[in-house]
Amino acid sequence: MTSARFTGKTVAITGAAHGIGAATARRFLAEGAKVAVIDREADGFAESFAGQPADRLLTMAGDCTDAAVLADFHARTVAAFGPVDILFNNVGQSGRERAAQFHESQEEVWRFVLEVSLFTAMRMSRLVVPAMRERGGRIVNMSSDAALVGDAGLTDYAAAKMGIIGFTRSLARELAPHRVTVNAVAPGAIRTRAHDRLTPAVIERIKATTPAGFIAEPEDVAGCVAFLASEDARYVTGQTLLIDGGRWMI
């Protein structure tokens with residue numbers, strides 16, 4: 001990638017030690033941005049960012065569900081690189097091994113899924129919005145096609161990710177007069193570590209229900225996030241871009 005369209009821009013990304021978050025951070029670095037990333041699995045930073053420009057990369061270990069940790073991350077980012085121009089609220093998670101049919105699900109799991117998948121985005125956005133109202137900016141939120149498809153066994157996750165869509169639309173309307181766009185991406189089957197835990201039979205079933213017929217790479221999402229964060233998308237706000245090979249079409 002040779003473009004320098006994000007030169008001088010400060011980017012903050014949550015949940016970026018691996019997968020989509022790390023791929024998106026590398027994409028912004030390749031296009032000239034200063035990038036701050038946070039993840040509780042800090043051991044992944046060394047591998048994900050080997051060879052990346054250290055003077056334009058800030059990594060921080062921390063739990064994104066802790067409001068104080070997010071505030072510290074924001075403060076460190078601003079101190080190192082200046083006000084955040086682009087925020088990618090990437091962190092999120094389903095119940096994974098604790099996921100269950102709704103009648104067997106536990107409220108403890110609901111609360112965790114909502115906390116990590118919705119409240120982190122709201123908290124981080126609240127930290128960057130005051131400066132963005134003065135300077136303009138871009139916010140991209142991580143939703144999922146599960147919000148629209150309504151996958152069985154993922155009621156809490158679907159609720160959280162549909163909440164992201166509603167949050168995106170409302171915040172977009174508030175911030176549009178201030179030259180701030182707010183959009184969401186909604187990936188489907190992407191080859192991440194969580195996806196690698198699935199059995200071959202499940203993988204084949206996913207491929208069979210995806211019109212494109214294959215599972216995408218994290219870089220496929222990174223490119224869409226970069227577009228929404230760029231000047232090319234200055235007239236796009238309040239939208240949810242599905243990146244799922246046609247599994248759900250709007």
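Guide: A helix here is a DSSP run of H or I with at least four residues, and helices are numbered from the N terminus. The place of arginine 111 is in one of these runs, helix α4. The model under discussion is predicted.

Visitor: Why is arginine 111 called exposed?

Guide: Exposed means a relative accessible area over 50%. Arginine 111 has 57%, so this residue counts as exposed. As for its position, its C-alpha is separated by 25 Å from that of leucine 242, which is 131 residues apart from it along the chain.

Visitor: Why is aspartate 63 called partly exposed?

Guide: The class runs between the cut-offs of 20% and 50%. Aspartate 63 has 34% relative accessibility and therefore counts as partly exposed. Aspartate 63 sits in the loop between β3 (57–61) and α3 (67–81).

Visitor: What does aspartate 63 touch beyond its neighbours within four places in sequence?

Guide: With those neighbours left aside, aspartate 63 is in contact with Arg40 and Val69; contact requires heavy atoms within 4.5 Å. Between the C-alpha atoms of aspartate 63 and threonine 14 there are 9.7 Å, although these two are 49 residues apart along the chain.

Visitor: What makes alanine 233 a buried residue?

Guide: Buried means under 20% relative accessible area. The value for alanine 233 is 0%, so alanine 233 counts as buried. Alanine 233 belongs to the loop between α9 (218–229) and β7 (240–243). Not counting residues up to four places away in sequence, alanine 233 touches Thr181, Phe227 and Leu228. The C-alpha of asparagine 183, 50 residues apart along the chain, is separated from that of alanine 233 by 9.9 Å.

Visitor: How do you know that valine 180 is buried?

Guide: The relative accessible area of valine 180 is 2%, and the cut-off is under 20%, so valine 180 is buried. Valine 180 is found in strand β6. Its contacts, with neighbours within four places in sequence left aside, are Met132, Arg133, Gly136, Gly137, Leu175 and Thr237. Valine 69 is 25 Å from valine 180, C-alpha to C-alpha, and 111 residues apart in sequence.

Visitor: What makes the phi of arginine 179 worth a remark?

Guide: Most residues other than glycine have a negative phi. Arginine 179 is not a glycine, yet has a positive phi of about 60°. Arginine 179 lies in the loop between α6 (155–175) and β6 (180–187). With 56% relative accessibility, against a cut-off of over 50%, arginine 179 therefore counts as exposed.

Visitor: Which parts of the structure cover the buried residues of α6?

Guide: The cover includes α4 (107–135), β5, α5 (146–149), β6 and β7. Among the buried residues of α6 are Tyr157, Ile164, Ile165, Phe167, Leu171 and Leu175. α6 has 21 residues and reaches 30 Å, close to the 30 Å expected.

Visitor: Why are both faces of strand β4 said to be covered?

Guide: In a regular strand the side chains alternate between the two faces of the sheet. In β4 (residues 86–89), Ile86 and Phe88 lie on one side and Leu87 and Asn89 on the other, and all are buried.

Visitor: What makes β1 and β4 a pair?

Guide: Pairing needs at least two bridges. Strand β1 (residues 10–14) and β4 have three bridges, in the parallel sense, so they pair. Isoleucine 13 stands opposite phenylalanine 88 in β4. β4 also pairs with strand β5 (residues 137–142), in the parallel sense over four bridges, and asparagine 89 has asparagine 141 of β5 as its bridge partner.

Visitor: How many residues line the second largest pocket, and which lie nearest its centre?

Guide: The lining has 15 residues, with Lys9, Gly137, Arg138, Ala229 and Glu231 nearest the centre. Three residues of the lining are nonpolar, three polar and nine charged. The volume of this pocket is about 330 Å³.

Key
Residues are numbered from 1 along each chain as its sequence is written. This is a predicted model: local features need pLDDT of at least 70, side-chain atom pairs count only at pLDDT 80 or more; totals for chains, interfaces and linings use all residues. Side-chain values use heavy atoms; hydrogens and water are left out. On a 1 Å grid over the protein atoms alone, a cavity is a set of points where a 1.4 Å probe fits but cannot get out, and a pocket is an open set with protein on both sides within 12 Å along at least five of seven lines; lining residues have an atom within 4 Å of a point. Grid points are joined across faces, edges and corners, and a volume is the space filled by probe spheres set on the points. Ala, Val, Leu, Ile, Met, Phe, Trp, Tyr, Cys and Pro count as nonpolar, Asp, Glu, Lys and Arg as charged, and the others, Gly among them, as polar. Helices (H or I, at least four residues) and strands (E, at least two) are DSSP runs, numbered from the N terminus. Buried means under 20% relative accessible area, exposed over 50%, partly exposed in between (1.4 Å probe, protein chains only). The expected span of a helix is 1.5 Å times one less than its number of residues.
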